[in-house]
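This briefing is intended to be read alongside the sequence and the coordinates.

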Amino acid sequence: MIYIELFIEFFKIGLFTFGGGYAMIPLMTNTIANNQWITPDEFTQVIAIAEMTPGPIAVNSATFVGQKVAGVGGSLAATLGVAMPSLLLILFISKVFFAYNSHPLMKSIFKGIRPIVAGLVLAAGLSIGKTVMITETSPVLALNYVTIISFGILGLVLIKKKMHPVLLILMAACIGSVSYII
Amino acid sequence: MSIYISLFKTFFKIGAFTFGGGYAMIPLIEEEIVDKKGWIEREEIMDLFAIAQSIPGAIAINTATLVGYKKAGKRGGICATFGVILPSFIIISIIAAFFASFAHLPLVHAIFMGINGAVVLLILKAALKMTRLAVVDVLSGLSMLMTVLMILFTSINPIIMILAGASIGLIRYFIEKKA
């Protein structure tokens with residue numbers, strides 16, 4: 001049943017996310033590709049909307065993917081799935097966890113996990129970048145110039161100064177609209 | 001007002017007014033929980049944030065559950081968690097329901113072509129920030145490089161890579177302990 005599938009997949013995503021919202025993106029990319037729930041392009045839209053709307057990115061994207069796959073029941077299953085590991089871990093084993101949280105063994109394990117998560121997020125950024133910037137590879141390479149220009153301009157802006165993600169996305173939306181008018 | 005309703009309402013407000021995910025929530029949580037409600041001491045909230053970042057799951061959910069649990073036990077944890085989730089759930093459900101009907105419009109398509117550039121940028125920026133914290137020696141640098149290559153060129157499940165990272169940490173601990 002699709003609801004149970006969504007719940008289980010998002011439960012796994014919640015359980016293996018270390019370091020919050022962005023760390024969840026590579027796990028979701030993998031799950032979505034395996035189940036062919038939505039296309040990579042649609043998933044990029046989901047991330048964009050999850051960024052622009054209030055609330056945790058993880059919850060927003062889980063709700064959105066669930067809704068796209070199986071309506072309101074689907075969004076409920078995915079959202080509960082992604083939140084459940086946190087809830088269970090904290091409510092039932094947090095006492096044990098807090099006692100050992102600062103133990104050198106735990107610290108060493110997290111030290112081992114951190115570069116992996118960084119690598120996963122970098123790989124997700126690169127493969128999503130490839131999906132949205134290159135529309136076709138054969139017979140000739142076709143590029144999405146609007147996306148590339150937006151990436152380039154905003155990248156320069158971001159190097160110069162700090163900017164809130166929502167503002168950055170709004171600026172990108174303006175670049176997109178201008179391209180439509182031209 | 002019972003503490004449960006109070007926890008639910010406070011975290012509902014936090015969920016409804018923070019843009020940009022977990023880290024963006026931290027100042028608002030401090031203001032509501034420490035300054036206004038006085039539920040948790042300022043020093044203690046920093047510890048809770050640290051714990052929220054080290055356990056699996058979304059940081060916002062972890063923080064909500066931790067604060068609720070500290071303040072009013074298991075039921076408190078559940079109320080705070082549902083409070084922080086509900087605004088997202090309502091807002092996204094509405095957007096997702098309407099999005100399909102205008103996603104195919106050429107203007108919307110063009111807008112998203114621009115937005116996609118920003119999304120990639122934000123993910124790469126997050127990766128860069130994580131790299132600075134995570135890559136501290138040769139071993140961590142190699143782990144990261146291997147992860148990128150494995151993910152880009154094979155169809156390995158990311159969970160396997162995370163478990164591999166945990167194993168490296170485990171082995172390293174025992175080797176360093178022996179030495």
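Which pattern does chain A follow when read along the sequence? The pattern is α-α-α-α-α-β-β-α-α, and chain A accordingly has seven helices and two strands. The model is a predicted one, and the values below are computed from it. Chain B touches chain A through 80 of its residues, which are in contact with 92 residues of chain A.

**Chain A as a whole**

- Taken along the principal axes, the C-alpha atoms of chain A fill a box of roughly 60 × 40 × 35 Å.
- Chain A contains 182 residues, of which 51% are buried.
- Among the contacts in chain A with a separation of 6 or more, 56% are between residues 24 or more positions apart.

**Domains of chain B**

- Chain B is divided into domain 1, covering residues 3–102, and domain 2, covering residues 106–178.
- The centres of domain 1 and domain 2 of chain B, taken over C-alpha atoms, are separated by 26 Å.

**The interface between chains A and B**

- The contact between the chains involves 80 residues of chain B and 92 residues of chain A.
- On the side of chain B that touches chain A, at least two residues each come from α1 (3–17), α3 (42–54), α4 (59–102), α5 (106–134), α6 (138–153) and α7 (158–178) of chain B.
- The helix that gives the most to this side of chain B is α5(B), with 24 residues.
- By class, this side of chain B comprises 53 nonpolar, 24 polar and three charged residues.

**Helix α5 of chain A against helix α5 of chain B**

- Two packed helices are described by the angle between their axes and the distance between the axes.
- For α5(A), residues 104–133, and α5(B), the angle is about 160° and the axes are 8 Å apart.
- Angles over 145 degrees count as roughly antiparallel, and α5(A) and α5(B) are therefore roughly antiparallel to each other.
- The crossing of α5(A) and α5(B) is left-handed.
- Residues of α5(A) in this contact include Arg114(A), Val117(A), Val121(A), Gly125(A) and Ile128(A), while those of α5(B) include Asn116(B), Val120(B), Ile123(B), Ala127(B) and Met130(B).
- The residues of the contact of α5(A) with α5(B) are 16 nonpolar, four polar and one charged.

**Helix packing within chain B**

- The axes of α1(B) and α4(B) come within 7 Å and cross at roughly 40°; α1(B) and α4(B) are therefore oblique to each other.
- α1(B) passes α4(B) in a right-handed crossing, and the contact of these two helices has 17 nonpolar, six polar and three charged residues.
- α3(B) and α4(B) pack at an angle of about 130°, with axes 8 Å apart; α3(B) and α4(B) are therefore likewise oblique to each other.
- The crossing of α3(B) past α4(B) is right-handed.
- In the contact of α3(B) with α4(B), Leu48(B), Phe49(B), Ile51(B), Ala52(B) and Gln53(B) of α3(B) meet Ile59(B), Asn62(B), Thr63(B), Leu66(B) and Val67(B) of α4(B).
- The contact of α3(B) with α4(B) has seven nonpolar, three polar and no charged residues.

**Individual residues**

- Most residues other than glycine have a negative phi.
- Gln36(A), although not a glycine, has a positive phi of about 50°.
- Gln36(A) lies in the loop between α2 (21–35) and α3 (40–52) of chain A.
- Is Gln36(A) buried or exposed? Gln36(A) counts as exposed because it has 7 C-beta neighbours inside 10 Å, and the cut-off for exposed is 12 or fewer.
- Asp47(B) is located in helix α3 of chain B and is partly exposed, with 14 other C-beta atoms within 10 Å.
- Asp47(B) and Met130(B) are 83 residues apart along the chain, and their C-alpha atoms are separated by 20 Å.
- Arg132(B) is located in helix α5 of chain B and counts as exposed, with 10 C-beta neighbours inside 10 Å.
- Arg132(B) and Ala110(B) are 22 residues apart in sequence and 34 Å apart in space, C-alpha to C-alpha.

Note on methods:
Residues numbered from 1 in each chain as written. Chains lettered and ligands numbered in written order. Predicted model: local features only at pLDDT ≥ 70, side-chain atom pairs only at ≥ 80, totals over all residues. Contact = placed C-beta atoms within 7 Å. Helix = DSSP H or I, 4+ residues; strand = E, 2+ residues; numbered from the N terminus. Nonpolar A, V, L, I, M, F, W, Y, C, P; charged D, E, K, R; others polar. Domains from an automatic or database assignment. Buried ≥ 20, exposed ≤ 12 C-beta atoms within 10 Å, placed from the backbone. Axes fitted to C-alpha atoms, helices over the stretch in contact; angles between N-to-C directions. Parallel < 35°, antiparallel > 145°, perpendicular 65-115°, else oblique. Left-handed = near helix turned anticlockwise from the far one by under 90°.
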